[in-house]
Amino acid sequence: MSETKTMAGVVVESRYLSAGANRYAAAADWGDDGLVAFGSDTNVCLWDPTDSRGISHILSGHTAHVRAVKFLPKNEAENIVHLVTGGDDKQLRLWAINSETGTVSCLQTVQEHTEPINCIAVLKWSASRSVSRRIFVTGGADATVKVWALGDDQISLLQTIKTTRKYMPLTVALTALDDEEKGLVLAVAGTMNAIQIFTASAADGTSGLEFTLQATLPGHENWIRSLDFIREKPEQGSDILLASASQDKYIRLWRVHHGTALSVLNASGLDLSGDVLTPGNKIHKITAGGTKYCIMFEALLLGHEDWIYSARWSRTTDGKLQLLSASADNSLSVWESDPESGIWITGARLGEVSREKGATTATGSIGGFWTGLWSPSGQTMITLGRTGSWRRWDYDADADAWKQNFAVSGHTRAVTGISWSHGGAYLLSTSSDQTTRLHAEWALDTTSHSWHEMSRPQIHGYDLNCISTLGPSSFVSGADEKLMRVFTEPKAVARMLNRLAHTTTDLSTAPDAANMPVLGLSNKAISVIDDDAPLPAPTADPSNPASDREALLDPASAVRRSALDISHPPFEESLSRHTLWPEVEKLYGHGYEIACLAASHDGRLVASACKASSVNHAVIRLFETEKWTEIRPPLAAHSLTVARVQFSGDDRFLTNPKGHTRMILDAAWAPTGASGERVFATAGRDKQVKIWVRREEGGQFELGKAVAEEHPVTALDFVPELTGDGLMLLAVGTESGKVLVLSLKVAGGEVEVVSTVAVRPELCLPKAVMQLAWRPTREGQQGRELAIAGEDGSLRVYAFPSL
């Protein structure tokens, strides 16, 4: 993982990076070095699927969603891998990844498109050719296709093609027509039902490169989402195959042949006296650099039941072609040509093929697979679902089957709240993507640990805003609704965490598992089902029709006894169906959406506030957790929304801060000072962190120090213990994504900033820091670990080994 040394000599390491992928077909690519790059909000994430630690880098720079990501061919003599990305900010960014040191830098940013960049295609030179002239193509929503060349770590624009009929390119594909790579062919398609074919002569290098429209291939009946070229055979002179995938649910294969129309018919062994030249089989003639070629419809692949988002070629070690298609019908298909008949058939079908009736959108990945990628070896494939999580399959040669393996996952919208379990064994996060996720370290052995999403306790119908743990196995969360919900850990999840993360949980009173009603929002406790038992039929009280909604549990998320009896982090299918936590209580009282909440350290109280525009609603309500009743009257001290509530370490005080010239965004209690001082800090939109001190018992809190920042301060958290030198450590996060740690010395009511540790820019966030939370100290722990929730949808755990 990446690390940085600050001026103070303090090392900051990234222990865990979690982020969900953007749902665009072109927003991910698998490079020849084995690295996967994918867009995540405005970021680009780098992930090596062979490394269990998950995402290694989060690259910031784009100012809007990243839509297109592509690796450029690597020069074998160099250790630099180039990556090109584009997105809604209309910018094209060139990144350099050093494969030896792991460092990444942005080399260049250009903006030639006037609308978002939808897709990128690169020209992959053969091994016999120099890659000094690397060419790639971008397609944008401005109805243009632009041709670029990379040389000397700089990209330059070669040509701009305005699409005729003014359609938006959604996909482009580029390849060489001949072995000498003197002729190039470019396929462009998008918001129309035809493919446009352009050719160019590359005999004179990139300087005179100019693509011209040669043919238009009809046939599809809806928008075309994916194009990909490949040589039919590795031998020289082989024909080229083009795969096109469309929203019409079909994949079409096209053959590009060197020669005349007559030669392609003879080569195909077709009977010229038959009805070969029907309108659908029209042969299209094209030329490149004076050489004649022709394109002919080859095959129609049927099998998917919904839009097809991507179709990508791969060649096995024995030379066999395979085509991977990803569809909105929740399936991946691997297509192969039958060696005897030549008919294209489905060699493997993966994903959620047998979709049970009644499966809810919440607990399934209904919404389809958005892209499918092959590994360079063709032995692994990954796909992206609606939840922003990746699914991965590895080929098992002995069993001649594809076996599922764990991959990476993350939130797809802003992470709005985080909370550590009381012992620091796991981290809970809530998000505007309407999910609550549990993250923990997978302890492979005593020395090897890696972070993963281990459970998805809550999948909701409202955006989630805040969360707080109530004890070792329960939590309370608030969303854009007027109530709070309390959840407890089921036995199935607890046993899995005990086994994988070495947690210890009392299972005596825990329910077996949880399930979600088809039309409801409340997770219900259920019993697990034996592996060989049939699924239970939905039951409801016929005398009470109102009970139907609560009784109709989702049969797709019934939990088998062995579902979570696993030795690895759960797959996405299990996360979204089998790791829910049952809801045990609802807390009512607020008149508007919940804005913030906090549980006392002993778990006996819950304090909460809602969004408010009047004094009547701008109150803090307290609930006791024994009988779950409200303690009245509510605490009234504000006139607008309370942004944060927090209990002091001994639960005697609750923050109710004032004192800033603009809105207060966060507040945090410090540990009790060496001389008994009470200290808390507040953060405001006035770009200041204010430290408040109470010198003596019963006295008033007074301003001890104001620390100015360049941007509004959005998040604060104190380490719950003093350092060995008696200092207080305060983590600070700003609206610009900056993260720093202040060491404070409090004596006699005066506050002194002893030192500041600033996290290096490449580890900071591109958007606001939503919340900070120090991990509770664990036995044998070296240094400190800080969890960071980002508006960019990322969740990060950074380690400060020397603090």
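This is a predicted model: local features need pLDDT of at least 70, side-chain atom pairs count only at pLDDT 80 or more; totals for chains, interfaces and linings use all residues.
Colleague: Why is the pair of tyrosine 16 and tryptophan 451 called stacked?

Modeller: The idea is to look at the angle between the ring planes, where under 30 degrees counts as stacked. Here the ring centres of tyrosine 16 and tryptophan 451 are 5.5 Å apart and the planes meet at 20°, so this pair is stacked.

Colleague: Which parts of the chain does that pair tie together?

Modeller: Tyrosine 16 belongs to strand β2 (residues 11-18) and tryptophan 451 to strand β35 (residues 449-459), so the pair joins parts 435 residues apart in sequence.

Colleague: Is tyrosine 16 buried or exposed? And is tryptophan 451 buried or exposed?

Modeller: Tyrosine 16 has a relative accessible area of 4%, so it is buried. Tryptophan 451 is buried too, with a value of 4%.

Colleague: What kind of pair do phenylalanine 653 and phenylalanine 701 form?

Modeller: An angle over 60 degrees counts as edge-to-face. For phenylalanine 653 and phenylalanine 701 the planes are at 85°, with 6.4 Å from centre to centre, and the pair is edge-to-face. Phenylalanine 653 sits in the loop between β45 (629-636) and β46 (664-669), while phenylalanine 701 sits in the loop between β48 (688-694) and β49 (702-708), 48 residues apart.

Colleague: Which residues do ring pairs link into a cluster?

Modeller: Phe653 and Phe701 are joined there with Trp669, Phe680 and Trp692.

Colleague: What lines the largest cavity?

Modeller: Its lining has 23 residues, with Ala407, Val408, Ser409, His452 and Glu453 nearest the centre. At least two lining residues come from each of β2, β30 (390-396), β31 (401-405), β35 and α4 (572-578). By class, the lining has 12 nonpolar, six polar and five charged residues.

Colleague: And what is the volume of the second largest cavity?

Modeller: That one has about 40 Å³. Gly31, Asp32, Asp33, Phe71, Leu72, Lys74 and Val81 line the second largest cavity, and they divide into three nonpolar, one polar and three charged.

Terms used
Residues are numbered from 1 along each chain as its sequence is written. Side-chain values use heavy atoms; hydrogens and water are left out. Rings of Phe, Tyr and Trp (its six-membered ring) pair if their centres lie within 6.5 Å; planes under 30 degrees apart count as stacked, over 60 as edge-to-face and the rest as tilted. Helices (H or I, at least four residues) and strands (E, at least two) are DSSP runs, numbered from the N terminus. Buried means under 20% relative accessible area, exposed over 50%, partly exposed in between (1.4 Å probe, protein chains only). On a 1 Å grid over the protein atoms alone, a cavity is a set of points where a 1.4 Å probe fits but cannot get out, and a pocket is an open set with protein on both sides within 12 Å along at least five of seven lines; lining residues have an atom within 4 Å of a point. Ala, Val, Leu, Ile, Met, Phe, Trp, Tyr, Cys and Pro count as nonpolar, Asp, Glu, Lys and Arg as charged, and the others, Gly among them, as polar. Grid points are joined across faces, edges and corners, and a volume is the space filled by probe spheres set on the points.
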